[in-house]
Structure formats: C-alpha cells, structure tokens
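Let's take a friendly walk through this structure together. Please keep the sequence beside the 3D view as you read.

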Amino acid sequence: MLLRSSPPSNMPKMRRSWRVKLIILGVLAAGYGAFMWHMMHSKPPVIMQRVLIPVEVVKKKEQAEPKGPPAPPIPLIQPPQVDIPAPVIKR
C-alpha cells in the first residue's frame, strides 16, 4: 500500500456546486459552534443585585372553638366462621 500526498490524476473532481455547498455547511457549523461556545462560557449580565419582596407580618389568630373530645374506639367484630369442604379429586 502506497501513501501519497496528492490524489491520483484520474480521480474525478468534485462538482463546483457541491464544493460551494460543503463550504457553506462548514461555515454554518463553525458559526453555530462559536455561538454555542460563547453562550456556554459567558456569564449573563447582573441586572438586579437585590430583590425586595413586601411581606406583611400578621399575628396568629386564636381558634374560635376548642377541639371536642376524641371519638370512642370502634370495636372490631370477628368475621363469621366459614366451612369449606375439601375438594374431591377423581382419577
């Protein structure tokens, strides 16, 4: 295998329109890359150093009615006894 620095003389040339399209695509890709690099590596300008939020301090209101007594516990009822006969297997 020979390594050459120039293409062979019988190699077809790229069409001029394709070369122009390839150059335009390269310029657009480089511009997009530069724009994204700028956006990722630059700090946004600081517009406001401090934000003042108006807050009103209100005294906690007392409850109108006191809580009632707790509800009595609910007694649990045992479930009814169920008798299921054993299955009959016929062979």
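What follows goes from the overall form to single side chains and then to distances along the chain.

A few ground rules come first. This is a predicted model, in which local features need pLDDT of at least 70 and side-chain atom pairs count only at pLDDT 80 or more, while totals for chains, interfaces and linings use all residues. Residues are numbered from 1 along each chain as its sequence is written, and side-chain values use heavy atoms, with hydrogens and water left out.

Let's begin with the whole chain. Its secondary structure comes to one helix and zero strands; helices (H or I, at least four residues) and strands (E, at least two) are DSSP runs, numbered from the N terminus. The radius of gyration is 42 Å, well over the 12 Å that the globule rule gives for 91 residues, so the protein chain is more spread out than a compact globule. That radius is taken over C-alpha atoms, and the globule rule is 2.2 Å times the number of residues to the power 0.38. Along the principal axes, the C-alpha atoms fill a box of roughly 100 × 85 × 25 Å.

How much of the chain counts as buried? The share is 0% of the 91 residues, where buried means under 20% relative accessible area, exposed over 50%, and partly exposed in between (1.4 Å probe, protein chains only). The accessible surface comes to about 11200 Å², and 65% of that belongs to carbon and sulfur atoms. These areas come from the Shrake-Rupley method with a 1.4 Å probe; for residues, only the protein chains shown count as cover.

Now turn to helix H1, which covers residues 16-41 and includes Tyr 32. Which residues make the nonpolar surface patch? Tyr 32, Phe 35, Met 36, Met 39 and Met 40 form it, with an area of about 570 Å². Like charges are joined within 9 Å, and nonpolar side chains (Val, Leu, Ile, Met, Phe, Trp, Tyr) within 5 Å. Tyr 32 counts as exposed because its relative accessibility is 54%. Met 39 is also placed in H1, and its 45% makes it partly exposed.

Lys 21 is in helix H1 too, and is partly exposed at 48%. Its charged end sits over the ring of Trp 18, 4.7 Å from the ring centre; this requires NZ of Lys or CZ of Arg within 6 Å of the ring centre and within 35 degrees of the ring normal.

Finally, follow the segment after H1. Val 51 is found there and is exposed, with a relative accessible area of 57%. Val 51 and Ala 64 are 13 residues apart in sequence and 38 Å apart in space, C-alpha to C-alpha.

Technical notes
Patch = residues over 30% accessible without salt bridge, like charges linked within 9 Å, V, L, I, M, F, W, Y side chains within 5 Å. Salt bridge = Lys/Arg side-chain N within 4 Å of Asp/Glu carboxyl O.
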